[in-house]
Amino acid sequence: MDDRGSSNDRGAPVRLSIQRRLAIWLFPHRRVQLGLLLGTPLGWLAIAYLGSLAILLLSAFWTKDTFTGNVEPFTWSLKAFQTLFAGEVYRTVAIRTVGMAALVTVTCAVLALPIAYYMARIASPRKRSALLVAIAVPLWAAYLVKVYAWRTILQGNGLLEWVLTPFGVESHGLKDIANAWLVLTYLWLPYMIVPVYAGLERIPGSMLEASADLGGRAGTTFRRVILPLVFPSLVAGSIFTFSLTLGDYITPDLVADAKFIGNVIYDNSSLGNPPLAAAYSMLPIAIMTIYLLAARRLGAFQSL
Amino acid sequence: MVESKPIRILLRLASALVLLFLFLPLVVVVIYAFNESRTQAWPPTGFTLKWFGEAASNGALLEAIVNSVIVGASATAVALVLGTLAALAIHRYRFFGRETVSFLLVLPIALPGVVTGIALQRTFKTFGFDLGLMTIVIGHATFCIVIVFNNVIARLRRLPSSPEEASGDLGADMWTTFRRVTGPRLGTALLSGALLAFALSFDEIIVTNFTAGAGTQTIPLWIFAAIQRPSELPVVNVVAFLLILVSVIPVWLAQRISGAETAGARL
């Protein structure tokens, strides 16, 4: 105990340090302790994040000065939403983006299952750690490096054309929407493998043996035992693959020359039509809110 | 083993193909970094190291690297403090709205990046902030908090609280207990949280593109601009090669700190 404790030589109380007195006072006041701990992080998120989202929501109803092109804050209009609902192109872009997010998610799930299963149940412990590290390397490699790498492969004169030409197959360079499918799948695949692996590893081997003993063939065991048990992990992984595709505007532009929701938002965010960009961004917010609520019901958050 | 031999062989084959798919682009970029030709045609024409010299003397690139380090360090510092405070609060106290707070922490990475980006940009512009390093840091810190939070709370859940109680019984006040007991026990969780947060910030472009303004470049922003100028591609190859090398560090460190499982903890 330190010597500033409770008494000096003469037995009279000494002055405690401010820190110490504060600690003593705080000890029974749990609510104040909680407030002190939570105040700063909650304040930051409420102001910097929720506040920004609120401003974004409001700005969807602001007007744009047609002469200067400046946004007039707090002058209200529904023009942005009218433009969105009237424009065929905004519907096409939305369907393209959501469709791609779904396609990429399904592809990632199909590719992740076999390797995750191999890691969880078949590989030796040594091989398993090696594979976990092997998957972590592309996961950690910089996003733009990966997109750029695919650009060099897919472009005219690139590796793909060099491989395909002898077979008489023509590549479309960097203008093919299928490129976006390929590259987005590549980018988010590790985000699916990791939770699916964790989910498969939690399945007790005895369950699979029981299924086999009861006459279940491999296909039946997969469909009736493994898939239902790993489903929450697939949903957990799909949050990443779906949300990251939904919000990407760099990859579609760089590898497929295609416009996604994010491209319309980015192109209009400062010079074009900011209220329109704000109004359009309500769509990914709404989609992800529904997605997250559904994922929570399916038990995905316990699998993260 | 329940799985029959043909199924095991098929799974092994599928895994090998997925690994090939995951590594192919990285290998191609590494090869291009040493390509003699200025153009990007396959196959490469010859071996050279001259692009490394050109990268080292590229002023804009070096400035972008410095900016990225400043932003990453600042955002990580903010996230370390806020994420640890939030984790201690959520772990130790039961209160109304606890679930909501956890949800609020995840929201910045659960919502698409383009939403976070435009929301911050609109707010900065409305209140007349100049876009620059400061606004980039605010954006990055916001989505890095949850990374530190996740690491710290996972550690807190695994640790028994008896040493803290013992410390209290022995007369230590809450500051001393945190400084001498809780803090050191969180050590490696804080380290891996910081590492993850820094790496996430170093790599971010979707949000950064909205909050950077015209004059400020980070590494991803520099690459994004340079990709679209053919004359810069040899230097981009070198940068890509070096970034792949650097990205092995967090994987290696995470594995050293807490086993292979956490290497995938970028999620």
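Which pattern does chain B follow, read along the sequence? The answer is α-α-α-α-α-α-α-α-α-α-α. Chain B has eleven helices and zero strands. Helices here are DSSP runs of H or I of at least four residues, strands are runs of E of at least two, and both are numbered from the N terminus.

Before going on, some ground rules. This is a predicted model, in which local features need a pLDDT of at least 70 and side-chain atom pairs count only at pLDDT 80 or more, while totals for chains, interfaces and linings use all residues. Residues are numbered from 1 along each chain as its sequence is written, and chains are lettered from A and ligands numbered from 1 in the order in which they are written.

On confidence: pLDDT is the predictor's confidence in each residue, from 0 to 100. Chain A has a mean pLDDT of 88, with 94% of its residues at 70 or more. In chain A, the lowest confidence is in strand β2, residues 71-76, with a mean of 80, and the highest is in helix α4, residues 88-122, at 96. Residues 1-7 of chain A have a pLDDT below 50, and this stretch has eight contacts in the model beyond near neighbours in sequence. A contact means that the C-beta atoms of two residues, placed from the backbone, lie within 7 Å. Where pLDDT is low, the predicted coordinates should not be read in detail. For chain B the mean pLDDT is 87, and 96% of its residues reach 70 or more. For the complex, the predictor gives an ipTM of 0.88 and a pTM of 0.88.

Back to chain B as a whole. Its C-alpha trace spans about 70 × 65 × 30 Å along its principal axes. Chain B has 267 residues, and 45% of them count as buried. Buried means that 20 or more other C-beta atoms lie within 10 Å of the residue's own, exposed means 12 or fewer, and partly exposed is in between, with C-beta atoms placed from the backbone. Of the contacts in chain B between residues at least 6 apart in sequence, 75% join residues at least 24 apart.

Now the two chains together. How many residues of chain A are in contact with chain B? There are 87, and they meet 79 residues of chain B. On the side of chain A that touches chain B, helix α2 of chain A, residues 30-59, gives the most, with 17 residues. That side divides into 66 nonpolar, 15 polar and six charged residues. Here Ala, Val, Leu, Ile, Met, Phe, Trp, Tyr, Cys and Pro count as nonpolar, Asp, Glu, Lys and Arg as charged, and the others, Gly among them, as polar.

One residue of helix α2 of chain A is L38(A). L38(A) counts as buried because 20 other C-beta atoms lie within 10 Å. Leaving aside neighbours within four places in sequence, L38(A) is in contact with A86(B) and A89(B).

Next, the core. A nonpolar core is a set of buried Ala, Val, Leu, Ile, Met, Phe, Trp, Tyr and Cys residues joined through C-beta atoms within 7 Å. The largest one holds 162 residues, and A79(B) and A240(B) touch the most other members. Helix α8 of chain A, residues 177-201, supplies the largest share of this core, 15 residues. Not counting residues up to four places away in sequence, A79(B) touches A141(B), C144(B), I145(B), I147(B), V148(B) and A197(B).

Some helix geometry. The expected span of a helix is 1.5 Å times one less than its number of residues. Helix α10 of chain A, residues 218-246, has 29 residues and would span 42 Å if straight, but spans only 35 Å between its end C-alpha atoms. α10(A) bends by about 50° at L227(A), and a proline, P228(A), follows within four residues. The bend is the angle between axes fitted to the seven residues ending at a residue and the seven starting there.

Last, the backbone. Most residues other than glycine have a negative phi, and most peptide bonds are trans. N157(A), not a glycine, has a positive phi of about 75°, and its place is in the loop between α6 and α7 of chain A. D257(A), also not a glycine, has a positive phi of about 55°. W42(B) and P43(B) are joined by a cis peptide bond, with omega about -5°.
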